[in-house]
Amino acid sequence: MTITYVYGNNLYVNPTNRCDCNCVFCLRHTGDGVGTGSNLWLEREPTREEMLEAILAADLSQYAQLVFVGYGNPPTACTTSSGWRSRSSRSPPSPSAWTPTATAT
């Protein structure tokens, strides 16, 4: 399962295949992958923990941007239990939810 992939100078996170759009320019219509992600079709949506593990496994200093996109529309994953919000919460996570340790700023 391809959770992260490189395209250009950016690291992309592929959180979902779900998309409620049908954009004519979308790569989903022309192939299975892009950049180092030769197959971006997910068997299932990755959990927050799997996404964080994949992000932390990369040397982020090598990339200009960390981009949440892929073969789906990331906001469609925001309300699933495997997405960014839990079943019991409708509010977005704090920034510390994506970092291994929380620090006050």
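Reader: Which residue is the bridge partner of Thr-4 in S2?
Author: Val-13 is the bridge partner of Thr-4 there. Helices (H or I, at least four residues) and strands (E, at least two) are DSSP runs, numbered from the N terminus. This is a predicted model, where local features need pLDDT of at least 70, side-chain atom pairs count only at pLDDT 80 or more, and totals for chains, interfaces and linings use all residues. Residues are numbered from 1 along each chain as its sequence is written, and side-chain values use heavy atoms, with hydrogens and water left out.

Reader: OK, and what stands opposite Val-13 in S3?
Author: Phe-68 does. S2 and S3 run parallel, joined by four bridges. Between them the chain passes through H1, a right-handed β-α-β crossover (clockwise from the first strand over the helix to the second, with the strands pointing away from the viewer).

Reader: What's the strand order in the sheet?
Author: S1-S2-S3, an open sheet with mixed pairing (two strands pair if DSSP finds at least two bridges between them). S1 and S2 run antiparallel, with four bridges.

Reader: Switching to H1: which residues are buried?
Author: In H1 (residues 48-56) they are Met-51, Leu-52, Ala-54 and Ile-55. Buried means under 20% relative accessible area, exposed over 50%, partly exposed in between (1.4 Å probe, protein chains only).

Reader: Why do they line one face?
Author: Down the axis of H1 they fall within an arc of 165°, so they share one face; the arc is taken from the directions from the helix axis to the C-beta atoms. Exposed Glu-49 and Glu-53 sit on the face turned away from that buried side.
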